Amino acid sequence: MRQGIFNISHLSAGFTAVLVGYTSSVVLIIQAATSAGATALQTSSWLLALGIVLGLTSIVFSWFYKVPVLTAWSTPGAAMLIGAVNGYPLADVIGAFIISAALITLTGMLGPISRMLERIPAQLATAMLAAILLPFCLKAFTPVMSSPSIFFSMFSAFLLAKRFFPRYAMLILLIIGILCALIAGAFSREVMTLSVALPSWQTPAFDPMAIVNISLPLYIITMLSQNLPGFAMLNSHQYKLPAKPVFIATGLSNLLFAPFGAFSVNLAAISAAICMGEEVDPDKTQRYRAAIWAGIFYLIAGVWATTVVTLFLALPAEVSQILAGLALLGTLLMCLQTAFAQEKYRESALLTFLLSLSGISLLGIGATLWGLLAGLVHIKLTKKESSATAGTPKVTCEKGV
């Protein structure tokens, strides 16, 4: 039996999926844009571009394939950008977004590229991600010294929400954070009015070092931490989606909207699951309608992006730190579990993790790529060593030497 377009379970699932995505990571996008030197108007343009492109791709994919396809920005990618864009002009950062989008498009067009990417062990990719996320998670706890009342209010709310309302934990945390900001007088000079966001074209420039330090890590993170888990989530719910057209379409749409601030367009994983469960619709063939509603809410959020930016920029730094850090705890835990789960990869993953965390820069190349390269080299060397010593007697040593 066909259902009407205003099915309440479809509508609520779509709204919740977008709400979870925004409350868990929109603060990271605003921080990344600010680090890149974007003005408030340009930051609004970033969120406008993301809202429009994610809304359109979610609606088109879901309608065409009759599968609940939800696109999103890369939350780990946004976290990476906050540190990576420092020292580069905004034009170079936008150019790096375009190169990253072009690489995703090429991945869909050229099979060898996607196969090469798939050969990067998940343990190294997640170790690199963990190193990027760890500083943000640590900063969530530093406000305990400068603003203990804000910290304990938000942290207590987070723990209680995780216990009783885990799906809405970030929404509850955001509400408590805004209440703390109101009490502290953060909005006393801010006029919170609904205003439509306007696109702001940012002419790109292409700096080789920005491509190495921004484009390549953003591409790798987007593919390994977003697109591949996104396909895995669809498969776990018995939905089939062809990879090639998805990579090409998301890459091209990212390419088109990058000059306005869209830094990544990829499959959602965790928030997408909200549109795929049994509670959305007993008929799995109708659940794509929830993703279409999510696309509509993306469009609405993008149009009112100026208000979203005004709200988050008015928040005290301590509130923003707590929001960002606690929102990334689940992702950090997943990364650490994956990175160190298998013994044969642990040492390589540890090298990747420590080098990526170190913040070093050598030959103009940032720590994240050096960490990944060190892990790959270590795997190759230890693999050869294992092959060369295969069949030889084992020698034991005293511990503590």
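Of the contacts in this protein with a separation of 6 or more, what share comes from residues 24 or more positions apart? Hold that thought, everyone.

This is a predicted model, where local features need pLDDT of at least 70, side-chain atom pairs count only at pLDDT 80 or more, and totals for chains, interfaces and linings use all residues. Residues are numbered from 1 along each chain as its sequence is written, and side-chain values use heavy atoms, leaving out hydrogens and water.

Back to our question: the share is 83%, with a contact meaning heavy atoms within 4.5 Å.

How confident is the predictor? Its score for each residue, pLDDT, runs from 0 to 100. The protein averages 82, and 87% of the residues score at least 70. Please be careful with residues 392–401, where pLDDT stays under 50 and the model has 0 contacts beyond four places in sequence.

Now let's look inside. Of the 401 residues, 52% are buried, meaning under 20% relative accessible area with a 1.4 Å probe, protein chains only (exposed is over 50%, partly exposed in between). A nonpolar core is a set of buried Ala, Val, Leu, Ile, Met, Phe, Trp, Tyr and Cys residues joined through side-chain atoms within 4.5 Å. The largest has 101 residues, and Leu 28, Leu 47, Phe 97, Ile 214 and Phe 263 touch the most other members. Apart from it lies another core of 14 residues, including Leu 174 and Val 319.

Finally, Cys 137 counts as buried because its relative accessibility is 3%. Cys 180, at 11%, is buried too.

Conventions. pLDDT is the predictor's confidence in each residue, from 0 to 100.
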